[in-house]
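Here is a briefing on a predicted model. Look over the sequence and the fold, then read the points below.

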Amino acid sequence: MIVKVSNKGMISLPAAIRKRYKIKPGQKLIVTENADGSIRIEILPTIDELRKEGATYEEFKKILKESLAEDARIER
Amino acid sequence: MQRRACLDAGTIHQHYIQDPPPKVENLFVDIENGKIHAIVPEQILVEVFKQLCVVRGKGYALKVINDIYANEYLEIRSLSKDLVAEAGRLKCQYRDIVSYNDAILIALAVQESAMLHTTEKNLPQIPGLKVVKYVFDA
């Protein structure tokens with residue numbers, strides 16, 4: 001799909017793409033520049049999606065304990 | 001009146017874990033509803049990224065950092081000259097007790113008359129500093 005850039009630097013996402021990915025007006029997207037010169041547009045995950053991938057409470061406690069010990073060793 | 005809060009890396013990280021404790025859930029509900037204005041020094045996000053990177057890798061850490069910047073529920077604060085001086089003074093005075101990031105957080109919390117939400121167990125008694133601790137049994 002080809003889109004055109006407006007005078008203000010804006011592009012419109014094709015309706016088919018908006019529909020397929022359920023992109024709503026006002027929704028924020030992430031635009032990143034890749035090392036190969038390509039540009040990537042991603043949908044920002046919801047908090048539930050981020051949590052599903054996140055640490056468990058037990059893992060969190062472990063990493064926090066390790067981080068504090070590490071900081072104490074390096075910094076103080 | 002809107003209350004103010006400064007959050008440390010551990011408190012922010014807990015918002016993104018699979019099973020966040022109710023105390024943290026409630027804090028973030030109040031932040032999202034505008035009852036609490038939450039401020040975080042930008043340096044603290046480095047620590048958040050590092051913690052997430054250790055447990056779930058760089059890609060996941062980046063997703064969370066993107067979420068924090070994009071959703072704007074936290075005010076991300078750059079350091080001012082006054083804050084640098086006060087955090088530096090605190091680190092100098094309590095060098096064996098507080099980390100650099102904690103010194104920055106304490107200085108900001110006192111400056112903003114904000115409640116400091118922290119996972120750090122050992123903080124010195126500092127005039128004007130109000131703290132909510134998230135303490136673990138581990």
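Nine of the 12 residues of helix 6 of chain B are buried, so this helix is largely enclosed by the rest of the structure. Strand 2 of chain A, by contrast, is hardly covered.

**Helix 6 of chain B**
- Helix 6 spans residues 100-111 of chain B. From first C-alpha to last it reaches 17 Å, close to the 16 Å expected at 1.5 Å a residue.
- Its buried residues are B:N101, B:D102, B:A103, B:I104, B:L105, B:I106, B:A107, B:L108 and B:A109.
- After the helix comes B:S113, with a positive phi near 50 degrees.

**The largest nonpolar core**
- In soluble globular proteins, nonpolar side chains tend to be buried together.
- The largest nonpolar core here has 33 residues. B:C6, B:V40, B:L105 and B:I106 have the most contacts inside it.
- Two or more residues each come from helix 3 of chain A and, in chain B, from strand 1, helix 1 (9-15), strand 2, helix 3, helix 5 and helix 6.
- Beyond its neighbours within four places in sequence, B:C6 is in contact with B:I39, B:V40, B:L105, B:L108, B:A109, B:E112, B:A114, B:L116 and B:H117.

**Contact between chains A and B**
- Chain A puts 23 residues into the contact, and chain B puts in 24 residues.
- On the chain A side, helix 2 (47-53) and helix 3 (57-75) each supply at least two residues.
- Helix 3 of chain A gives the largest share of that side, 11 residues.
- By class, the chain A side has nine nonpolar, three polar and 11 charged residues.

**The hairpin of chain A**
- Strand 1 (residues 29-33) and strand 2 (residues 39-43) of chain A run antiparallel. Five bridges join them.
- A:I30 has A:E42 in strand 2 as its bridge partner.
- Five residues lie between the two strands. In this hairpin, A:G37 takes a positive phi near 90 degrees.
- Among the five residues of strand 2 of chain A, the count of buried residues is zero.

Conventions
Residues are numbered from 1 along each chain as its sequence is written. Chains are lettered from A and ligands numbered from 1 in the order in which they are written. This is a predicted model: local features need pLDDT of at least 70, side-chain atom pairs count only at pLDDT 80 or more; totals for chains, interfaces and linings use all residues. Helices (H or I, at least four residues) and strands (E, at least two) are DSSP runs, numbered from the N terminus. The expected span of a helix is 1.5 Å times one less than its number of residues. A residue is buried if 20 or more other C-beta atoms lie within 10 Å of its own, exposed if 12 or fewer, and partly exposed in between; C-beta atoms are placed from the backbone. Two residues are in contact if their C-beta atoms, placed from the backbone, lie within 7 Å. Ala, Val, Leu, Ile, Met, Phe, Trp, Tyr, Cys and Pro count as nonpolar, Asp, Glu, Lys and Arg as charged, and the others, Gly among them, as polar. A nonpolar core is a set of buried Ala, Val, Leu, Ile, Met, Phe, Trp, Tyr and Cys residues joined through C-beta atoms within 7 Å. Two strands pair if DSSP finds at least two bridges between them.
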